[in-house]
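Hi everyone, thanks for coming along. Have a look at it first.

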Amino acid sequence: MFSKIVTSALLAGFCTGLIAALLQFMFIQPVLLHAELYETGTLVHFGEGATGATPELPGFDAMRDGLSLLFSALIYVGYGLVLVACMGLAAERGARIDARTGLLWGVAGFVALHFAPAVSLPPEVPGGAYTDITARQIWWWGTAIATALALALIAFGRAPVMIAAAIALLLAPHVIGAPHPENFAGPVPPELASLFATRALGVGFAAWAFLGTLAGYFWTRETAKG
């Protein structure tokens, strides 16, 4: 079981990390580089000194982009280990694990770690207004854990009380509320911030869909090997 989990997670996570890095280079990195120009004051989006919305952005950087690729692979290998371990527990209890059901597992991972926290605490570009990072991390972890438990109750629960508990877990973090700054201010245009948030969520969804599908596929292949 342990070797099956590790092998499936490494293969699925590494492949997904490469795909996620490519998507980040195409869709997220240009927005981040653009936002950094406003953060440093190179560009201004209001007043007499307002500049255009299509500046010349830095090109390929071997060190920066290489490290991004490495970190992406490592992050998704870590995600893969958690995801495949959960798949293994479900398989021990009779759940079917393959590429198709793996896709559903991947979507659930995206909802727990990306979508649910972003409902109240969306991804933010450099230069935005921030609040205490510790409070944000505590709320994010609480939301991710509560959402994951809620999804597990929905997927595997049988009694109505479990569904009720799942709904309560889904709502609780947002009723409590995420930490936000007292004043919204920053040099980055709100249009750029919204573009970053939507692209970050889009890339996250695609990556988790790939991760779940590949994890299910490799799990099936390792199971067939015996």
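Let me start with a question: is Arg136 buried or exposed? Arg136 turns out to be buried, because its relative accessible area is 14%. For the cut-offs, buried means under 20% relative accessible area, exposed means over 50%, and partly exposed is in between, using a 1.4 Å probe and protein chains only.

Before going further, a word on what you are looking at. This is a predicted model, in which local features need pLDDT of at least 70 and side-chain atom pairs count only at pLDDT 80 or more, while totals for chains, interfaces and linings use all residues. Residues are numbered from 1 along each chain as its sequence is written, and side-chain values use heavy atoms, with hydrogens and water left out.

Back to Arg136, which sits in helix α4, residues 133-156. When I say helix, I mean a DSSP run of H or I with at least four residues; strands are E runs of at least two, and both are numbered from the N terminus. Setting aside neighbours within four places in sequence, Arg136 is in contact with Leu121, Glu124, Tyr130, Thr131 and Pro179. Contact here means heavy atoms within 4.5 Å. From Arg136 to Gly157 there are 21 residues along the chain, and their C-alpha atoms are separated by 30 Å.

Helix α4 also holds Thr143. Thr143 counts as buried, because its relative accessibility is 0%. Again leaving out neighbours within four places in sequence, its contacts are Ala116, Pro117, Pro173 and His174.

Two packed helices are described by the angle between their axes and the distance between the axes. Helix α3, residues 99-120, packs with α4 at an angle of about 140 degrees, and their axes are 9 Å apart. The angle therefore makes α3 oblique to α4. Axes are lines fitted to C-alpha atoms, for helices over the stretch in contact, and angles run from 0 to 180 degrees between N-to-C directions. Under 35 degrees counts as roughly parallel, over 145 as roughly antiparallel, 65 to 115 as roughly perpendicular, and the rest as oblique.

Who takes part in this contact? On the α3 side the residues include Trp105, Ala116 and Pro117, and on the α4 side they include Trp139, Trp140 and Thr143. By class, the contact of α3 with α4 has 13 nonpolar, three polar and no charged residues. Nonpolar covers Ala, Val, Leu, Ile, Met, Phe, Trp, Tyr, Cys and Pro; charged covers Asp, Glu, Lys and Arg; the others, Gly among them, are polar.

Next comes α2, residues 62-92, with α6, residues 190-225: they pack at an angle of about 50 degrees, with axes 10 Å apart. These two helices are therefore oblique to each other. Glycines take part on both sides, with Gly80 and Gly88 from α2 and Gly212 and Gly216 from α6 among the contact residues. The contact of α2 with α6 divides into eleven nonpolar, four polar and no charged residues.

Helix α2 has a contact with α1, residues 2-39, too: their axes come within 6 Å and cross at roughly 135 degrees. That is why α1 is oblique to α2. Here the classes are 17 nonpolar, nine polar and two charged residues.

Two more residues are worth a stop. Lys4 lies in α1, and beyond its neighbours within four places in sequence it is in contact with Trp219, Glu222 and Thr223. Phe210 is found in α6 and counts as partly exposed, because its relative accessibility is 38%. Not counting residues up to four places away in sequence, Phe210 touches Thr16 and Ile19.

Finally, let's zoom out. The protein has six helices and zero strands. Its C-alpha trace spans about 65 × 45 × 25 Å along the principal axes. Of its 226 residues, 35% count as buried. Among contacts with a separation of 6 or more, 80% come from residues 24 or more positions apart.

That's my tour, and I'm happy to take questions.
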